[in-house]
Amino acid sequence: MTGQRKVGFVGAGRIGEPMAQRLLSAGHPLRLYARRTEVRDRLSADGAELVDRPADLADCDVIVSCLYSDAQLLDVLPDIMRAMDPHTILLSHTTGRPETLDQLAEYAREGRAALVDAPFSGTADAVRAGRLAVYLGGEAAHVSVARQVVGAYADPIIATGARGTALRVKLLNNLLFAAITQVTLRGLDAGRALGIDERVLLDVLAVSSGGSTAARHISARGGAEPYVAAVEPFLRKDLAAFRDTTAGLGPEVSELLAIVHNGPMELGTAFEKGVA
């Protein structure tokens, strides 16, 4: 495959739609499966070819999936995997369980599954700026092709090793982020007890050694309460995936989980109930 890749796309939501727009702007012919009429209309106007079934993406060079959860992957992607051409590479941006990719691979024709896990870190604005951080796990040849496609909206792009390693890296990153978030929220509680205004403390953390990415995100959201409301559903999903992926590992993992479990953001139920 040379030149611009024919790209299939599924999952054109808050993050996925600007990805699709960047792919079109980069000159990739784009075939799109989307359920929402307004998304179909916008991306069709930008030049995307619309299809009525996920399986209609199966003969593209690369298929980009930006679905939300493992459940959505297992609902939408098996039809694509069954019909996928032998040369086609499917890359999944979903942060979830590596085992889900193994399940999807079982649907591939002739036992051949060119799957790349491609979780990311960043926002829709980062996509629009071409600055999304993307991690790629898979066979070297597949990762090389995936890099050329996601380069339309991603920088940096980090190859992590075999399929599944990118998801493990992202899940561990999210666990660390959740732990730092919990500590930072405790710090804001301590500040209030000391008579320090939350906004003042966040301004100090923005320029001081006690600050962190979590503190910057809390500040950008306007404080602890709106921040927790925005990120808690995503952290619950990802931390439940981490728990399942690392079941039976040693104290290094369990100690991190304990920090997350016992913080002011009530994430413990994600482990207790297996929230996905």
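**Salt bridges in the predicted model**

1. Asp155 and Arg131 form a salt bridge (a side-chain nitrogen of Lys or Arg within 4 Å of a carboxyl oxygen of Asp or Glu), with 2.7 Å between the closest N and O atoms. Asp155 belongs to strand β9 (residues 154-161) and Arg131 to the loop between α5 (124-128) and β8 (132-137), so the pair ties together parts that are 24 residues apart in sequence. Helices (H or I, at least four residues) and strands (E, at least two) are DSSP runs, numbered from the N terminus.

2. This is a predicted model, in which local features need pLDDT of at least 70 and side-chain atom pairs count only at pLDDT 80 or more, while totals for chains, interfaces and linings use all residues. Residues are numbered from 1 along each chain as its sequence is written, and side-chain values use heavy atoms, with hydrogens and water left out.

3. Arg31 and Asp59 meet through their side chains in a salt bridge (2.6 Å, N to O). Arg31 lies in strand β2 (residues 30-33) and Asp59 in the loop between β3 (49-50) and β4 (62-65), so parts 28 residues apart in sequence are tied together. Arg31, at 9% relative accessibility, counts as buried, and Asp59, at 36%, counts as partly exposed. Buried means under 20% relative accessible area, exposed over 50%, and partly exposed in between (1.4 Å probe, protein chains only).

4. A search of the whole structure finds 19 salt bridges.
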